[in-house]
Amino acid sequence: MDECDYVIFVLDDEYGELSASGISYLHLDFLYAVNKQKPILSFMSSKTSTEKDPEIIKKRQGFVDLLKSESEYFQEYSEGKPKAKLKKIKKSEKTGTKIT
């Protein structure tokens, strides 16, 4: 990830296996990318979460909130198609590129 120009994350209806730190490996990778100031493109399924454990549901929602607030580009999709128009566009301070 250190050598990547952009990082892409895809979240489906499950939060994922927990790491030793208590959050999912995907969530952990996301925090690493944010810390490294990498431009992030995030895609999330609009399917209802299949998680049953209230603690996991809470962690997943916190991760979703981070995806929405920290990604250069965030898009929900349904059955392979965008659910709605582009959720967020911002200029990358690092690269100066604009993602549309």
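User: Leaving aside its neighbours within four places in sequence, which residues is serine 19 in contact with?

Analyst: In this predicted model, serine 19 is found in the loop between strand 1 and helix 1. Once the neighbours within four places in sequence are set aside, the residues in contact with serine 19 are Ser24, Tyr25 and Leu28.

User: Which residue has its backbone oxygen 2.7 Å from a polar atom of the side chain of serine 19?

Analyst: A polar contact requires a pair of N or O atoms within 3.5 Å. A polar atom of the serine 19 side chain lies 2.7 Å from a backbone oxygen, and that oxygen belongs to isoleucine 23.

User: Why do the buried residues of helix 1 lie on the same side of the helix?

Analyst: Helix 1 spans residues 25-35, and its buried residues are His27, Phe30 and Ala33. An α-helix has 3.6 residues a turn, so residues three or four places apart point the same way.

User: Which elements are included in what covers the buried residues of helix 1?

Analyst: From the N terminus on, the elements of the protein run β-α-β-α-β-β. The cover over the buried residues of helix 1 includes strand 1 (7-11), strand 2 (40-45) and helix 2 (54-70).

Conventions:
Residues numbered from 1 in each chain as written. Predicted model: local features only at pLDDT ≥ 70, side-chain atom pairs only at ≥ 80, totals over all residues. Heavy atoms only, no water. Helix = DSSP H or I, 4+ residues; strand = E, 2+ residues; numbered from the N terminus. Buried < 20%, exposed > 50% of the residue type's maximum accessible area, 1.4 Å probe, protein only. Contact = heavy atoms within 4.5 Å. Polar contact = N/O pair within 3.5 Å; in protein donor to acceptor, adjacent residues only side chain to side chain.
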